Amino acid sequence: MQDVTSNLNEIIRIEGGAPLNGRVRVGGAKNSALKLMAASLMATGKTTLRDVPDILDVTIMSELLRRLGCEVAHDPSERVLTIDVPESIRHQADYDLVRKMRASTAVLGPLLARTGEADVALPGGDAIGSRGLDIHIAGLTQMGAEITSDHGYLHAKAPMGLQGADIVLEFPSVGASETLILAGVLANGVTRLENIAREPEVMELCRFLLRMGAQIEGIDDASLTIYGVEALNPTEYTVIPDRIVTGTWAVATAMASGRVTIENACPEFLEMPLEKLAQTGVEISSNGRELSVTSDGDLKAVDVVTLPYPGFPTDLQPHFIALNAVAHGSAMVTENVFEARFRFVQELVRLGADVHIDGHHCFIRGKARLSGAPVEGSDIRAAAALVCAGLVADGTTVLSDVVHLDRGYEGFVPALRELGAVVSRESI
Ligand code: UD1
């Protein structure tokens with residue numbers, strides 16, 4: 001299991017210029033595994049999750065569940081994680097964990113539904129935007145919860161249980177949709193949720209809950225009807241493949257050139273990014289769960305606009321900015337989901353990229369070459385995009401703040417080396 005302290009003094013060194021060739025396997029989706037782990041709190045007993053990635057965020061969520069009273073065991077070699085939930089659990093998510101990983105707030109819905117009470121540290125600002133909880137709070141309040149905040153904590157109470165309600169989300173927030181789905185499954189009566197997020201990980205949470213005994217109608221639609229049940233049962237479940245990691249390997253191959261076959265890929269969740277990648281001139285073919293990307297490194301710039309699923313995912317926006325930085329022509333990348341997600345662009349400029357920001361638009365003029373330099377990854381996807389840029393930069397790129405990469409990418413450096421990249425991880 002990933003160690004929270006081991007990567008604080010480590011860097012990744014990349015010598016640009018080597019093509020990528022071979023096969024790489026993608027593990028289970030971070031953004032699904034974390035939510036299934038939190039949802040396990042809804043049932044007493046042992047839940048088994050398969051294909052759970054060995055990443056830092058899973059370590060943090062495991063620690064959070066332990067503090068709530070659960071026994072958690074993760075066997076990374078078998079990719080299996082078990083969570084044994086006792087009859088009585090605590091109801092507080094501490095600040096030291098929430099500040100490390102905002103997704104810790106995923107326990108808000110389960111704790112409130114299960115215990116009638118939740119005290120969750122407020123996540124505060126982070127490197128990619130303010131990321132409020134107002135849509136979560138508005139929905140839970142409609143379901144009868146009393147919510148207050150003081151001393152940096154959100155306190156939610158529903159001593160008589162939550163009540164089903166008709167809720168229209170102001171914005172299809174992934175986190176708020178998940179909180180309200182989780183709240184609805186154990187509420188009294190019927191909950192109707194409109195304008196919910198349709199990200200594959202949200203739909204997968206619904207399927208997981210069905211397996212636990214929940215009654216949910218309308219999965220894969222923009223509205224859901226949830227019939228509250230008395231109790232849920234623990235279950236076994238396999239996590240879906242990580243679409244953002246899949247997209248990262250596809251972009252890395254496009255930029256570095258070569259031919260890579262991505263195993264356990266999920267092309268069906270990546271329609272828009274793969275369409276955009278094809279427009280850059282890259283050859284893409286898929287065969288069931290395998291996706292092959294072939295590139296001569298000669299790329300055409302491509303415009304991107306991020307939107308809730310099935311729109312272009314904000315989590316692949318940094319990668320496409322990096323790609324455009326070495327493509328022929330100019331492109332505009334527009335960010336509509338997180339307001340501060342262009343911060344990492346300053347690091348790309350250190351590599352010589354020609355990039356200008358105007359509000360939520362990023363204008364990129366492609367260059368023939370980037371130039372290796374020391375850079376810092378400010379969040380998970382920014383760090384991955386900087387590694388992609390380093391693969392094609394002249395000379396050496398040194399990425400510090402490796403912790404961000406470890407939060408979401410399992411075995412990234414060994415996999416890159418296996419594919420032929422000249423990359424190493426070093427302690428400083
Ligand atoms: C999840 C993903 C993240 C992804 C994002 C959008 C996890 C652990 N993380 O984040 O990787 O980039 O979906 O696909 O699953 N907002 C509010 N009020 C709220 C909730 C959200 O204003 O109550 C805003 C946020 O500030 C942001 C936008 O809505 O600007 C989208 O946030 P949301 O969809 O909730 O993303 P997360 O669940 O945080």
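## Basis of the model

Residues are numbered from 1 along each chain as its sequence is written. In this predicted model, local features need pLDDT of at least 70 and side-chain atom pairs count only at pLDDT 80 or more, while totals for chains, interfaces and linings use all residues.

## Overall fold

The chain has 14 helices and 26 strands; these are DSSP runs numbered from the N terminus, helices being H or I with at least four residues and strands being E with at least two. Along the principal axes, the C-alpha atoms fill a box of roughly 65 × 45 × 40 Å.

Of the 428 residues, 57% are buried (under 20% relative accessible area, with a 1.4 Å probe and protein chains only).

## The cavity

The structure holds one cavity of 30 Å³ or more. On a 1 Å grid over the protein atoms alone, a cavity is a set of points where a 1.4 Å probe fits but cannot get out, and lining residues have an atom within 4 Å of a point. Grid points are joined across faces, edges and corners, and a volume is the space filled by probe spheres set on the points.

The largest cavity has about 40 Å³ of space. Its lining includes Lys-30, Glu-201, Asp-242 and Arg-381. Both α1 (30–39) and α8 (243–256) supply at least two lining residues. Domain 1 (10–27 + 241–427) and domain 2 (30–238) each give at least three; the domain bounds come from an automatic or database domain assignment.

## The second largest pocket

A pocket is an open set of points with protein on both sides within 12 Å along at least five of seven lines. The second largest pocket has a volume of about 330 Å³. Among its 20 lining residues, the closest to the centre are Gly-297, Val-326, Ala-368, Arg-369 and Val-392.

## Ala-197

Ala-197 sits in the loop between β11 (190–194) and α7 (200–211). Its relative accessibility is 0%, so Ala-197 counts as buried. Leaving out residues up to four places away in sequence, Ala-197 touches Pro-172, Ser-173, Val-174, Ser-177, Val-202 and Met-203, where contact means heavy atoms within 4.5 Å.

Conventions
Side-chain values use heavy atoms; hydrogens and water are left out. Buried means under 20% relative accessible area, exposed over 50%, partly exposed in between (1.4 Å probe, protein chains only).
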